[in-house]
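Open the model in your viewer and get ready to select residues by number. Each stop says what to pick and what is there.

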Amino acid sequence: TGLFRRALMASGWCTIESDPGVFSELITELGVKGVQVHELWSLDKESMAEVGPVHGLIFLFRWRGEKDDRATVTPGPGVFFASQMIPNACATQAILSVLMNCPSISLGEEMTAFKAFTKDFPPDVKGLAISNSDLLRRVHNSFARAEPTVSEERRASKEEDEVYHFISYVPVDGKLYELDGLKAGPICLGDAGPGEAWLDAVTPAIQARIEQYSSREIRFNLMAVTADRRERLLAEQAVIEKERNMTVGKVQARAGKLPSPAELERLAASHPEPPATGEVAVDERTLEQLLIALAHLTARAAKVAADIENEQQRVGQWKIENIRRRHNYAPFIVNFLKVLAERGELGPLVEQAKKKQRHGAR
């Protein structure tokens, strides 16, 4: 069909790096709000809890084209599943597989319209819609590294080239699915369970896939698509500050002055933290209880503030790294070499480098 031919002609889907900073900014530029991507080094509960509520997982592995006899299922009305039509689009497609299957995510105007437009499409036509989306292709390609000499679409694919592939794991309507655009449909891995219990269910599936290749391959990457940690921390900060301000007011009303920072640190270290409470319960506390509560609230407020600052720095570093990825350094390098040559310094530097290389080879 004409649509299929246009998909095949949708060249320029470049390879992008598997990096949480790339994926997080890509999601933001699609208009999706309140979502981040974090790299996971472990599947234990502590690692999952640290990154916050997890919407879905994205797994990167070296694709070998080996036979997989697991049965696929026909996608239900609540499952967004698209066949992969363009090879280099698999990273963005894996991200979409999570975003489109999580009702709690605020997709933004463009992605909400895309989801509604493709809702009743079969998987192959969904894949064609992704391939022909100008927005998806433009945002995806904006994260390609600068190639000053060879364009991605002109580079001939060689048999020995390493091919990597992305798949997604998401809970949908009480079931846990593995979504791989190269397969005929989703693979149902069983019941997802309530809340984030699906993370316990998905762990054996990911471990089994790693073990399948572990004797020949060690290059894997697992990332979690999560709620934006900054938003969660800011909400937590607001709750802490509200209770702290109430407690400060009660302490000042009864004692006339507040303890010094050193006294608050001593109180926090020597007394267990009381449970969070409302305004009525604050009135019922003794002065000593109020002081202990204030000490712990002050410590918590400082920790959350530090966590927010660290998160802001991480996101800022992601932006810097993405700018560097996109920048074409070739003109600067060429001009720098010209200047060295004009000053007569290039030749000696080249000879010095050759000498180091010869010594290193011995």
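**Stop 1**

Select Asp-134. This residue is exposed, because its relative accessible area is 55% and the cut-off for exposed is over 50%. Keep in mind that you are looking at a predicted model.

Is Arg-137 buried or exposed? Arg-137 is buried, with a relative accessible area of 19%. Buried means under 20%.

Look between the two side chains. Arg-137 and Asp-134 form a salt bridge, and their closest N and O atoms are 2.8 Å apart. Both residues belong to helix 7, which covers residues 134–141. They sit three residues apart, or about one turn of the helix. Side chains of opposite charge can pair when their charged atoms come close.

How many salt bridges does the structure hold? There are eleven. Two further ones come next on the tour.

**Stop 1: a bridge from helix to strand**

Select Arg-209 and Glu-178. Their side chains meet in a salt bridge, at 3.0 Å from N to O. Arg-209 is in helix 8 (residues 198–213) and Glu-178 is in strand 4 (residues 175–179), so the pair ties together parts 31 residues apart in sequence.

Arg-209 has 8% relative accessibility and counts as buried. Glu-178 is buried too, with a relative accessible area of 1%.

**Stop 2: a bridge between two helices**

Select Arg-229 and Glu-311. They form a salt bridge, with the closest N and O atoms 3.1 Å apart. Arg-229 is in helix 9 and Glu-311 is in helix 12. The pair links distant parts of the chain, 82 residues apart. Are these two residues buried or exposed? Both Arg-229 and Glu-311 are buried.

**Stop 4**

Two packed helices are described by the angle between their axes and the distance between the axes.

Next, colour the contact between them by residue type.

**Stop 3: aromatic pairs**

Switch to the rings. The whole structure has five aromatic pairs. Select Phe-23 and Phe-166. Their ring centres are 5.9 Å apart and their planes are at 55°, so this pair is tilted. Phe-23 is in helix 2 (residues 20–29), while Phe-166 is in strand 3 (residues 164–172). The pair links distant parts of the chain, 143 residues apart. Both Phe-23 and Phe-166 are buried.

Now jump to Phe-332 and Phe-336. Their ring centres are 6.0 Å apart and their planes are at 15°, so this pair is stacked. The cut-off for stacked is under 30 degrees. Both residues are in helix 13 (residues 330–342), four residues apart, and are separated by about one helical turn. Phe-332 counts as exposed, at 55% relative accessibility. Phe-336 counts as partly exposed, at 44%.

Finish with the rings of Phe-59, Phe-61 and Phe-220. Ring pairs link these three into a cluster.

**Stop 4: a loop residue**

Select Asp-173. Where does Asp-173 lie? Asp-173 lies in the loop between strand 3 and strand 4. Read off its backbone angle. Asp-173 has a positive phi of about 50°, although it is not a glycine. Asp-173 counts as exposed, at 67% relative accessibility.

**Stop 5: two residues across the chain**

Ala-49 is exposed, with a relative accessible area of 54%. Ala-49 and Glu-196 are 147 residues apart along the chain.

Notes: Residues are numbered from 1 along each chain as its sequence is written. This is a predicted model: local features need pLDDT of at least 70, side-chain atom pairs count only at pLDDT 80 or more; totals for chains, interfaces and linings use all residues. Side-chain values use heavy atoms; hydrogens and water are left out. A salt bridge is a side-chain nitrogen of Lys or Arg within 4 Å of a carboxyl oxygen of Asp or Glu. Buried means under 20% relative accessible area, exposed over 50%, partly exposed in between (1.4 Å probe, protein chains only). Rings of Phe, Tyr and Trp (its six-membered ring) pair if their centres lie within 6.5 Å; planes under 30 degrees apart count as stacked, over 60 as edge-to-face and the rest as tilted.
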